[in-house]
Amino acid sequence: MNKIILAKYGELALKGNNKRQFEDKLMSNIRGKLKDLGEYSLSRAQSTIYVEPKSDTFDIDEASERIRKVFGMSAVSVASKVDKLPETKDTLDEIGKIAVECVRKMMLRHKTFKVETRREDKHFPLKSPQISAEIGGYILENIPELTVDVHNPDITVNVEIRGSAYVYTERFAGAGGMPTGTNGKATLLLSGGIDSPVAGYMIAKRGVVVNAVHFYSYPYTSERAKDKVIALAKIMSEYCGRINLYVVPFTDIQLAINKHCPQELLTLIMRRIMMRIAEQIARNTYSHALITGESIGQVASQTMESLVVTDNAVSLPVFRPVIGMDKEEIVQVAKKIGTFETSILPYEDCCTVFVPKHPKTKPQLESLHKAEANLTDIEEMIAKAVEDAEIIKVGE
């Protein structure tokens, strides 16, 4: 019995004449995920990518788990492959044997089953319902304690008739979206909180390559806070691919803002300068947009008026994919992608330093410009922060 991974994609199938280039990128991304797992072959047909082990050391279960995190995949299954024989009866017998073996592995937990068949190869003489009936009968003959339930079965045996026949009982959801690298690049402002990793994930899911900028205010923020952000970038890279993380020294700028600007505007001025630094790094790295984890009304700096004056500091577009989500919705995505437990570790980031007691919630752009005029060396400080940023390559 040969094991094989069936990795299926959905949205890519709608790409018409451009479909091939999206498939090429998807296959390249899969190769990157599997490069250390041993020998295998990769092929594609009928909106499916086939990953077939070529050595006994190839870890097919680990490969399946990694492929599920590749953007562009809609579903992933580990199947048993049956080479179709000239005689239909022999082929059905072989499929039936494998189906029985698959079902036996799950019987301790389950008592009902059904068979679903997809016959992509229309030259195969039996139609899908006939194949399902034949295989269902074979299972009942060999495991009489099972019963058929076509509406709500405990086990679904999937049979696909293509160039070969494939049998599997488990189907795992993929990450969805578009293959990474098919829709440009954007730069994420990555804090140590819950929201920004989710925002980066959501934009990356649309095929965007993401790099990240983190603002580090040592000694007001600790080395553990920096390690936490690196860990978040590592988790994100399992979906997004390699992330270049720019750790920007921000202490001197924050001290200058705190010394020379009105207290109620500290957070907004800090955010505007962060955006300017991130924009410079974005332009240096050929990014087309910025990404933030802001959600309307979540904190004082995220009111509609505050977001308007923040955006005014830059000319690149700013993507805010969680803008209309409430906290619980964001938390659910964070748990799904595995960043939540790291995000809630109690290590402060620079946004918790010099927080005003009564921040301005409806700021006027004119008052911000006036306050920022007190920062006479800010252009030089921004340039130095960009120049001194530490670059950490995270992920594959």
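Which residues does S287 touch, not counting residues up to four places away in sequence? I looked this up before anything else. S287 touches K185, A186, T187, N211, A282 and L316, where contact means heavy atoms within 4.5 Å.

The model is predicted, so I note its terms: local features need pLDDT of at least 70, side-chain atom pairs count only at pLDDT 80 or more, and totals for chains, interfaces and linings use all residues. Residues are numbered from 1 along each chain as its sequence is written, and side-chain values use heavy atoms, with hydrogens and water left out.

I placed S287 in the loop between α8 (266-284) and β13. Helices (H or I, at least four residues) and strands (E, at least two) are DSSP runs, numbered from the N terminus. S287 has a relative accessible area of 6% and is therefore buried; buried means under 20%, exposed over 50%, and partly exposed in between (1.4 Å probe, protein chains only).

**Entry: the sheet**

I traced an open, mixed sheet of six strands, in the order β14-β13-β10-β11-β12-β15. β14 (318-319) and β15 (390-394) stand at the edges with a single partner strand each, so one side of each has no neighbour in the sheet. Two strands pair if DSSP finds at least two bridges between them. I found two bridges between β10 (residues 185-189) and β13 (residues 290-291), which run parallel. T187 has L290 as its bridge partner in β13.

**Entry: F319**

F319 lies in strand β14. Its relative accessibility is 34%, so I list F319 as partly exposed. Leaving out residues up to four places away in sequence, F319 touches I203, A289, L290, I291 and T292. I also checked F319 against I382, 63 residues apart along the chain: their C-alpha atoms are separated by 22 Å.

**Entry: second largest pocket**

I read a volume of about 350 Å³ for the second largest pocket. Of its 16 lining residues, K3, D61, V78, T169 and E170 are the closest to its centre. The lining takes at least two residues from each of α2 (60-67), β4 (75-82), α3 (88-106) and β8 (165-168).

A pocket is an open set of points on a 1 Å grid over the protein atoms alone, where a 1.4 Å probe fits, with protein on both sides within 12 Å along at least five of seven lines; lining residues have an atom within 4 Å of a point.

**Entry: cysteines**

I searched the whole structure for disulfides (cysteine sulfur pairs within 2.5 Å) and found zero. C240 is buried at 4% relative accessibility, and C261 is buried at 6%.

Notes: Points joined across faces, edges and corners; volume = space filled by probe spheres on them.
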